[in-house]
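Hello,

Here is the structure I promised to pass on. Have a look at it first, and my notes follow below.

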Amino acid sequence: MNKFILTASAAALALAASAGYAAARDQIQIVGSSTVFPFTTAVAEKLGQSGKIKTPVVESTGTGGGMKLFCQGVGENTADFTNASRAIKDSELETCKANGVTPVEIKVGFDGIVLANSKAGTVVDLTKEQIFKALAKNVAVDGKVVPNPYVNWSDVDASLPATKIEVLGPPPTSGTRDAFVELVMDAACQEEVKAANEKGCGEIREDGAFVEAGENDNLIVQKLEANANAFGVFGFSFLDQNADKLQGHKIDGVEPTFENIASGDYGVSRSLYIYAKKEHVGVIPGMQEFIAEYTSEGAWGPDGYLADKGLIPLPDAERAKWAENAKALKGMGS
Amino acid sequence: MTDAIASFGAGGRPVSIHTDDAAKARLKGRYRAEAWFKWLGAGAVALAGFFLVLLLSTVVTQAIPALRLNYLTLPIDLSAAKVDPAKLDEVNYDSIAQEALAAKFPDVTRRQDKRLLRGLISTGTGVFLRKDIAADPGMLGGTVDYAVPLDDFADLYLKGLLADVGSDEAISTSVTPSGTSGDIDLTFGDNGMLALARGHGATEAENGMLTLTSGASSLLVVFNGGTVKLTALSPGANGTAIAKGTVIEALDSTAPAASGQASLRVIDTPEASRKISDKEIVWLDTLKSAGLIESRFNSIFFFTGASREPELAGVWGAVVGSFLTMIVTLAIAFPIGVSAAIYLEEFAPKNRLTTIIEVNINNLAAVPSIVFGLLGLAVFLNFFGLPRSAPVVGGMVLALMTLPIIIIASRASLRAVPPSIREAALGIGASKVQTVFHHVLPLAMPGIMTGTILGMAHALGETAPLLMIGMVAFIVDIPGGFTDPATILPVQIFMWADFPEAGFQQKTSAAILILLLFLVIMNAIAVILRRRFERRW
């Protein structure tokens, strides 16, 4: 009886509320990557301040979660844009198409992944191979694949300090982790490990040397401040904003600076994207204005406000190309 | 009691097992155990109190800076040449404010420096200006003194949170500059400066040249109405010292400053380790000493919505969102919860079915809150097609979560009403419904209200169930109704804690304080209700 009352009243209220909601949505909804979130929110706010449209609502759901919501279908109850810290996967594109969604891809900039520690700690100059040896679950020693035996950095390479390997990084659900694995672990994978297990390259050790610190990068920053021997793996914008407390380390001899990431010299950087739903242009007000604002020089240019937030701009030619694409609303696979 | 036993013993009677030595030892042991337990209990309370004080004092000390914001008063030119009264929306108000600031520093000509200078005032300046002009067109037509909020880093610096500002002392020797702007040489009358530079982290080359890199403290020489930043020092002839420096603020003349006229300003935190450059510090100090900067109550924080700029971010949107969500929660959970409790307690037959329901209600109270969020996503969003991020859905999800708490509390307080009340009412001919609604429910109401308020306070602090239904989102506009996108206070705190900008740290603590304040108020109401209206039998 109680359950009946409960369900019935909830249903009645839901129906009443949905009846009130029959009017068309007049506010853009954006979902997706937490890495792109700080930039998209800045654009949304700027656009809202201009008074042209209502400020878009931006959710941080992670790249994968965002794609799922975005490709769900067409209509008011689905998101208009999704942020992604990697390009859309073929499988996701297929889902999108099956549901009648045509995504318009816009590459908005780069993000570097940095290895950093507290300013009180030592400065090291690492190669990708050393990082792989320090963090992989299985490594090759004398031609044999064994569980990672290294305890101190000096075990990996004599030139490194004799401190314990302790790296705080993102969990497997994070786009940052995916990119780190792809750009460092896969790139520097040892032949023996790859031969032994096709997926072995991407496996990160679970014996305590690598600590999954959660999605909150600020938490990693605070932990690094407290422990000078620990290193952290996170996005460049957090290093940029906390330059007073943290120092980034060279990887393969290149320092993680704004210029080096923009020029492509720094090896551990990835592209950031937003995807627009072509079917919603003209239906949800403000779609075109949002795209135009994001791709304006004042936003994503080298002197734009997104650069102040830590987004690394694309080279001029690429910006022009993607802006053109976005303006023409060139849908994927059509 | 013990006295009585002891007096019997003194009266010459044989010593019993209650008075012999072993008994005395036992008694002592029992007292000791009691004393121990008291101490342990007091210790536990003290420890809990200590942590509470620690937590609160950290939050409060962190939150205090967020309650004030520094404003810069600038003469803003709103004459017809700048602002066309017919086309108010097309004016670039930001650049008007930036021009007013640039006019204060005519020496700043390099493009990068101009950009730095522009960055001192908030990027929201134009928006405020436009709103104020729309509200009061009388501002137009001339130059008005208008207070603009400072950028977050400038604000944090003035609050002393960004850099250790060291000493500011007179230099006890003469200083002779070689020019008034650009890179110049300074000649100091004695070489005391060399030792000083060494003490502040200058790197020394073999020829005795000291270089002050960005990793060393900043040494600024202030004289002749300007400021020079020292970059390198070397010993000169006759015990003098020669320094190379960059002029940050132009000097009036190249006249030598006598001993005691120049002063040395040391900023201990090296330039590379702070988010504000020497130039910005000098500019801010100049503006401050000119009396143009004023610290005001931070009304932006209390009365605006979210923002990506720390100085423009406010909690009002989240407070309104929380309020709307709580109204929906209360409107659903209270009537349903109380009706369910009355039925189960007063009317339902005691059989296997009601026992199962009872057990399940208790189980429901222990279900992790994220599960309710998943339910909300599946039922309210996907099945009923309700809007994402809306307080109505959030309220419904939280109502499901609060229901078992309300039912359990209501049943307990209904049960506490003595049966004699019911029997008396039934005895004089009241029907069952009359008995419950006229006599039992009013007496149980204080307890029910207390339970409800505590349940609501619990719901107010939840974020997990709202994650799935899109209320964990960046929403700038203040919600105007139950279906507008909205977020709530705990979500706002969670998001601010995650933003990289340093200015959000204080905002996070201040928002926590506001949330705590609401919880304290709700709990206080619950206590008052109980004190005033609760009857004991």
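Chain A folds into 15 helices and 13 strands, counted as DSSP runs from the N terminus (helices: H or I, at least four residues; strands: E, at least two). Its C-alpha trace spans about 70 × 60 × 40 Å along the principal axes. Of the 334 residues in chain A, 44% are buried, meaning that 20 or more other C-beta atoms lie within 10 Å of the residue's own, with C-beta atoms placed from the backbone. Counting contacts (C-beta atoms, placed from the backbone, within 7 Å) between residues at least 6 apart in sequence, 72% of those in chain A join residues at least 24 apart.

A word on reading it: this is a predicted model, where local features need pLDDT of at least 70, side-chain atom pairs count only at pLDDT 80 or more, and totals for chains, interfaces and linings use all residues. Residues are numbered from 1 along each chain as its sequence is written, while chains are lettered from A and ligands numbered from 1 in the order in which they are written.

The predictor gives the complex an ipTM of 0.78 and a pTM of 0.82. Mean pLDDT (the predictor's confidence in each residue, from 0 to 100) is 84 for chain A and 88 for chain B. In chain B, helix α1 (residues 2-10) is lowest at 49 and helix α10 (residues 316-347) highest at 95. Where pLDDT is low, the predicted coordinates should not be read in detail.

Best wishes

Definitions and conventions
Buried ≥ 20, exposed ≤ 12 C-beta atoms within 10 Å, placed from the backbone. Contact = placed C-beta atoms within 7 Å.
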